[in-house]
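Open the model in your viewer and switch to a cartoon view. Keep the selection tool ready.

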Amino acid sequence: LGCPGLTLAAATGVSGAVRGAWVLPNGTQAVGVVSNKAFLLTKSGSGYTVSIIGTLLTYTGVVSIRDNGVAKIVVIVDGPNGYTYNLNTSTFAQITDPAWLGSDRVSFIDGWFVFNKPSTQIFYTSPVYWNGSAALDATYYSLKDSSSDSIVSHIEDRRELWLIGERTTEVWYDAGNQYFPFSRLQGALLQVGCAAAHTVVRTGQGLIWLSKSERGEHSVVLTQGYNFQTISTPAISNKISQYSTVSDAFAYIYTEAGHEFYVLTFPTGDTTWVYDLTTGLWHQRASYDPIMGVFHRHRSNCCIDFGGQRIVG
């Protein structure tokens, strides 16, 4: 059966995979990363223009991108490194502050950028509505410490910060505290963690990610309030268990014709699985190599709703 195909919207002129993209306020520009280059995508008439705005220290792996609105600062993180792009001055810079601890993901809530120190329980924030150059406060950090597992991923949802660990998940909120703004939401502890940091996405119903817990792994879960349900079937979970590596998996979500699709790709397994939240059914998507005559994972790495279209990298 067919599914929406791909037509060229814009080319960056850089060889390599698109690692992530994020639409900026007002919806006329988006920031993305392809290979080690950050670029600005601008809507221009019926098409798009691309301009390179900076260089990263890494060439591969998913990046996470957020902006802080009125302060006009964009932050990109790739794990060990962080970068800022000032929309007012069009300047791109690496974060070299001594208080920078690296981050797998970046979230944004109430003016704060939130980061995690990779492979630890530590998460920390920028100054509120950070200008990109002011010093980070090394005391503005806390721990996901209701359990001993490290933070794998985090995401903002409904003004709450979800800290998703290896086996458990905590929910925090902006309490306006003097020495650190966030506090843990009491009673909101999920006994499920995450197997791949970049499979976590927001949906109209809750959060979805590829899970892992003390009971096992290879299942996809959907949150319902402060609880969750498994949405992968035994057959899908069995397929996922056959891939030698799942920690490199990534996902995005988009809406088309009244259906919300969660697109989950396993690079090592060379497979893409898609969950239709409207029907509750799974299907597989592929790309075709006409030279070798074989199917591979779907080519898309990320998706943004931009310029009245769903643009994938």
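This tour goes from a sheet to the salt bridges. Keep in mind that the model is predicted.

**Stop 1: the sheet.** Select strands β5, β6, β7 and β8. They form an open sheet in that order, with antiparallel pairing. On average, neighbouring strands here are turned by 20° against each other, direction ignored.

Stop 2: Pick Arg-66: its bridge partner in β6 is Val-75.

**Stop 3: Arg-66 and Glu-156.** Show side chains. Which residue forms a salt bridge with Arg-66? It is Glu-156, with the closest N and O atoms 2.8 Å apart. Arg-66 lies in β5 and Glu-156 in β13 (residues 151-157), so the pair ties together parts 90 residues apart in sequence. Both residues are buried.

**Stop 4: Arg-202.** Arg-202 belongs to strand β18 (residues 201-202), 46 residues from Glu-156. Arg-202 is partly exposed, at 32% relative accessible area, whereas Glu-156 is buried at 11%. Select the trio: Arg-66, Glu-156 and Arg-202 are linked in a network of salt bridges.

**Stop 5: Glu-170 and Arg-184.** Move to this salt bridge, where the closest N and O atoms are 3.8 Å apart. It connects strand β15 (residues 169-174) with strand β16 (residues 182-190). Glu-170 is buried, with 0% relative accessible area. Arg-184 is partly exposed at 28%.

The salt-bridge count comes to nine.

Notes:
Residues numbered from 1 in each chain as written. Predicted model: local features only at pLDDT ≥ 70, side-chain atom pairs only at ≥ 80, totals over all residues. Heavy atoms only, no water. Pairing = 2+ DSSP bridges. Helix = DSSP H or I, 4+ residues; strand = E, 2+ residues; numbered from the N terminus. Axes fitted to C-alpha atoms, helices over the stretch in contact; angles between N-to-C directions. Salt bridge = Lys/Arg side-chain N within 4 Å of Asp/Glu carboxyl O. Buried < 20%, exposed > 50% of the residue type's maximum accessible area, 1.4 Å probe, protein only.
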